Amino acid sequence: MAADLQAKYQKLAQEYSKLRAQNQVLKKAVVDEQGQGTSLKEELKMKDQCVRKLQQEMDSLTFRNQQLAKRVELLQEELVTTEAKGKKNKKNADPPSQMNQQLQSVFDEDLQNKIEENERLHKQVQEAQEKHRQIETELRERLVVLERDTMQHHAVVDGLKQKYMDTIEKLQNDKANLEMIAVVGLEGGVEGALVKSHSLEREAKECRLRTEECQQQLKNIHADLSSRLDQSTSIIQEKIPFNDRRFAEYNTLDVPVHDRRHQLKARDLNGQALAFVRDLVGALLNLHTYTEQRIQIYPIDSATDTISPLNQKFSEYLHENAAYVRPLEEGMLHLFESITEETVTTLETTVKLKPFSVVFTSYVCFLKKILPYQLKSLEEECECSLCTANLQARNIELQSDMQKMTAAFEKLQVYISLLTLPSTKPEMLLQTNYNVVFTQLAACLHSLHDVMKDISKHYSQKVSLEQELPTITQKLKNTNDCILSSVVALSNVTGKIGTFFSNNLDFFTAPSVYGSRVGMGIIDPLAAECMLENKKKAAAYIKSLKKSCPGSVPYEEALANRRTILSSTESREGLSQQVQQSQEKIAKLEQEKEHWMLEAQLAKIKLEKENQRLIELESQFKTTFTGPVPSIGSIQENDAIAKIEELQLVERDSSEPVRSTSLVGMLTTSTINNEIPDAESREQLIKSHYMMRVAELTSQLQIADSKSVHFYAECRALVKRLALAEKSRETFSEEIKVANQNVVRLQDELTTTKRSYEDQLSMMSDHLCSMNETLSKQREEIDSLRMGSKGNAKKNRGR
């Protein structure tokens, strides 16, 4: 028994050694294939470079061909002019015509050679392109085959590894069993083996009995569960016609449990981030602005001399820094306003993070745009005659620091754009990768802080060295101090942002609200928006449930109200007619009012005349009678009626009316045949006057009520129009923001196109200068040849 096991063990060991040797061979083959794949990729890169060089040569040849064609046209035109001149002076110009023919033959040969060379180069370029395409297709096919082979080799290696692990475990188990059997055989002998066999038989019988009991229980449980399943399925089919728990798309629309603490903390953290971003924006604005001011002062002061074109361009770009830096604060402010206590804040629902990422990307592009100008400006400072070796070393360090700062901002932009993917394209970033993105973002913030510390240290050293220069001005000192303070502020702000992000990394990397819900996977942005709407509706529904129900109106009262409403609607036309009639009456009363006002003025004039007559009568009375006479004021105070009677006695023959004034108004009476009105007629007149006054006041009150109702309706209409105007104003403001963003984008595109056109124009101008030089040389050669030909002709004539 032991010998058989030993033989099996040896066979397994031999097979294991064979498989191990095969595994090493396969590993070596996989490594070789990987090396070949890398070499092929390098060859493909080299071929691409060759093709690019050939394309550049092709472009240069085409350009040269066009130049030669233009040159040939010019020469042909000159030839035509010379031929025309030769025809006019045929007799005297026989030797020059021969010379022109010789020159024409030389030019034709040169042109033919250039055309043949151009055709040959075209053929070479086409052959090289075809050869490159063939090589590229062959290499790609070979690369696909090699990748397929590597995948197969990897699969084979993984299978062999699994097989080897299984065989190793099996061999270890066999080895342990053999050792146990050897130990038992040595200690117990045959008796122990018999006792063990009896015990094993007994245990086998018990296990059989237990298995039978378990099978019976399993049958009973299966029958019970099948009956319950049938009952539950029938209930579900009858009572639950629609079950949305089986679809993940519907589960994402469920409103999660509202975590108020989470929302408050998210808003608090966003507020802190907004404060940090404001400090960062202020520091960046100061840095760019004072850098622009320094360029205008050093190494050449723009007040005394013109600065270099490079610094002029750099200054123009730095002057536009506010258009790229200010939107960072606005984007973070919009993000802060979007996070409220009622919303659910996750990466899927923070839609306002995308605009912030867009403006941050534009600022990073701005940094990339100004980086080469900044490096060249530092090089120009190094080339200055007053720049020492230490100052040059500091400038070189600042160049590397500026490159590092731009690279750090670029990394930040990449990670922020990755965080915006869940709210725009959730399939591009898995939830398992959120933690990695946040941790890398924190590390990138710390690296940015380190870069800003290096910049502040190196710039402080540079400022200290520049202050030792003899030609430094006070304006440059102030500018250097401002730049140094802005750099120190940047290092402090980036350090605060890094520590803030690291301290709250656990909150940022905490699992999403949807992770705790069953069946919720990746949520779509539209589903998140629908979920928030459902949450608002649910909150409004719960709020409406908490409201107390209004008291019910009795049925009879409701019927009466309905009747009054119907009657009011029916009598609307009658009321409109009454309003028209009342308006007509108002117009008539206004006319009567004007008439009575004129009457009152006439009566006042008559009263003044009567007062004058009364004064004249008193004077006559004084002259006729002697003794004390009461004055007019005492007569009016004591007895107005007696005075009226005296006036009536004096003017008994006159039939003019008598007026009596009081607080109520003016009462006019006429005395005919010496009759005085009694008390009853006076009361009747006062009563009629009061009735007329009451009627007038009631009509005025009705007019005021109608005007107030009209004004109330106009005010309600104006309120509605004001609300519509506010909404339209908001929409117009949003459209203006979008238009401003488009204007900024178009301005950027305009600057880029302008820059590209300027570069092309400079290249073309250089090329035209070189062409003009060659043309001038050729013209000089032609003139020299003509002069030589003329000299030869004169010599021939002299001979």
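**Rings, charges and helix packing**

Arg267 lies over the face of Phe336, 4.3 Å from the ring centre; for a charge to sit over a ring, NZ of Lys or CZ of Arg has to be within 6 Å of the ring centre and within 35 degrees of the ring normal. Keep in mind that this is a predicted model, where local features need pLDDT of at least 70 and side-chain atom pairs count only at pLDDT 80 or more, while totals for chains, interfaces and linings use all residues. Residues are numbered from 1 along each chain as its sequence is written, and side-chain values use heavy atoms, with hydrogens and water left out.

**Aromatic pairs**

- Searching the whole structure turns up 11 aromatic pairs (rings of Phe, Tyr and Trp, the last by its six-membered ring, with centres within 6.5 Å; planes under 30 degrees apart are stacked, over 60 edge-to-face, the rest tilted).
- Take Tyr317 and Tyr373: their ring centres are 5.2 Å apart and their planes at 70°, so this pair is edge-to-face.
- That pair links distant parts of the chain, 56 residues apart, with Tyr317 in helix α6 (residues 309–319) and Tyr373 in helix α8 (residues 353–382). Helices here are DSSP runs (H or I, at least four residues), numbered from the N terminus.
- Tyr317 is buried at 4% relative accessible area, and Tyr373 also counts as buried, at 17% (buried is under 20%, exposed over 50%, partly exposed in between, with a 1.4 Å probe and protein chains only).
- Elsewhere, one aromatic cluster is made up of Tyr324, Phe356, Phe360, Tyr363, Phe366 and Phe409.

- Buried residues in α6 are Asn311, Phe314, Ser315, Tyr317 and Leu318.
- They cover an arc of only 165° around the axis, so they sit on the same side of α6 (the arc is taken from the directions from the helix axis to the C-beta atoms).
- On the face turned away from that buried side, α6 carries the exposed residues Pro309 and His319.

**α11 against α12**

- Helix α11 (residues 434–467) packs with helix α12 (residues 474–503) at about 160°, their axes 8 Å apart (axes are lines fitted to C-alpha atoms over the stretch in contact, and angles run from 0 to 180 degrees between N-to-C directions).
- The two are therefore roughly antiparallel (over 145 degrees; under 35 is roughly parallel, 65 to 115 roughly perpendicular, the rest oblique).
- Tyr459 belongs to α11 and is buried, with a relative accessible area of 9%.
- Between Tyr459 and Val488 there are 9.8 Å in space, C-alpha to C-alpha, though they are 29 residues apart in sequence.
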